[in-house]
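Open the model in your viewer and keep the selection panel at hand. The tour goes stop by stop.

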Amino acid sequence: MADLLSKDMLADLILNIINILVLFFVTKSLLYKPVKKFLNARAEKLNAAQKDAEDAKAQAEESKAKYDAVLSDAEQVKTEAVEKAEAEARAAAERIIAQAKEQAAETVEKGEKRAAAEREKMLADAKDDIIDATLDATGKLLGRVVTDEDNRRIIESYFG
């Protein structure tokens, strides 16, 4: 009986091994190739997605570099515009100050001329008043009418 049991077990074992091998080959031929094909397709999609992501990242970095360059250019243009505006403002201020100084100098000169003219006029008026007073006093002292010739002689001796 042990011999029989051993033959049946051996036959079962061989049958099980054959079943496992058949199942392995059937499974391999039916499932392995489609699964491998699916996994390869999935890997290709992931590689393509990764490449697209890398391309997008590179493009984003390029766009950022362009943006930074434009921003830098804009900053430089702004700085130049501010410097130009400041220079123009300084030049305008200098022109205004120069005009104001010129006008002030003209006003002072006109005032000095007017003052000199008024002084001359006052001196001339005072001279005329003194001459008139002198002539009146001379006429009273001499007791006669003083002629123009007498006036000239007195004026020349007094101022001359």
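The model you are looking at is predicted. Why do aspartate 68 and lysine 64 sit about one helical turn apart? Because they are 4 residues apart in helix 1. Lysine 64 has 52% relative accessibility, so it counts as exposed; the cut-off for that class is over 50%.

## Zoom out: the whole chain

Helix 1 covers residues 2-142. Colour by burial next. Of the 160 residues, 4% count as buried. The chain exposes about 14,400 Å². Carbon and sulfur atoms supply 61% of that area.

## Stop two: Lys78 and Glu75

Return to helix 1 and select lysine 78 with glutamate 75. Their side chains meet in a salt bridge, at 3.1 Å from N to O. Both residues lie in helix 1, 3 residues apart, which is about one turn of the helix. Is lysine 78 buried or partly exposed? Lysine 78 has a relative accessible area of 45%, so it is partly exposed. Glutamate 75 also falls between the cut-offs of 20% and 50%. Its relative accessibility is 41%, and so glutamate 75 counts as partly exposed.

## Stop three: Arg90 and Glu86

Move along to arginine 90 and select glutamate 86 with it. A salt bridge links them, with the closest N and O atoms 3.9 Å apart. The cut-off for such a contact is 4 Å. Arginine 90 and glutamate 86 are 4 residues apart in helix 1, so about one helical turn separates them. Arginine 90 is at 48% relative accessibility and counts as partly exposed. Glutamate 86, at 42%, counts as partly exposed too. A search of the whole structure finds 6 salt bridges; the pairs visited on this tour are among them.

## Stop four: a patch of negative charge

Select Asp125, Asp128, Asp129, Asp132 and Asp136. What do these residues form on the surface? They gather in a patch of negative charge. Pick out aspartate 136, which is placed in helix 1. Aspartate 136 is at 51% relative accessibility, so it counts as exposed.

## Last stop: the aromatic pair

Select phenylalanine 24 and phenylalanine 25. The structure holds 1 aromatic pair, and these two residues form it. How are the rings arranged? The pair is edge-to-face. The ring centres are 5.5 Å apart, with 70° between the planes. Planes over 60 degrees apart count as edge-to-face, so an angle of 70° qualifies. Finish on phenylalanine 25 itself. Buried or exposed: which applies to phenylalanine 25? Its relative accessibility is 52%, so phenylalanine 25 counts as exposed.

Methods
Residues are numbered from 1 along each chain as its sequence is written. This is a predicted model: local features need pLDDT of at least 70, side-chain atom pairs count only at pLDDT 80 or more; totals for chains, interfaces and linings use all residues. Side-chain values use heavy atoms; hydrogens and water are left out. Buried means under 20% relative accessible area, exposed over 50%, partly exposed in between (1.4 Å probe, protein chains only). Accessible areas come from the Shrake-Rupley method with a 1.4 Å probe; for residues, only the protein chains shown count as cover. Rings of Phe, Tyr and Trp (its six-membered ring) pair if their centres lie within 6.5 Å; planes under 30 degrees apart count as stacked, over 60 as edge-to-face and the rest as tilted. Patches are made of residues with over 30% relative accessible area and no salt bridge: like charges are joined within 9 Å, nonpolar side chains (Val, Leu, Ile, Met, Phe, Trp, Tyr) within 5 Å. Lys and Arg count as positive and Asp and Glu as negative; His and the chain ends are not counted. The place of a charge is taken as NZ of Lys, CZ of Arg, CG of Asp or CD of Glu. Helices (H or I, at least four residues) and strands (E, at least two) are DSSP runs, numbered from the N terminus.
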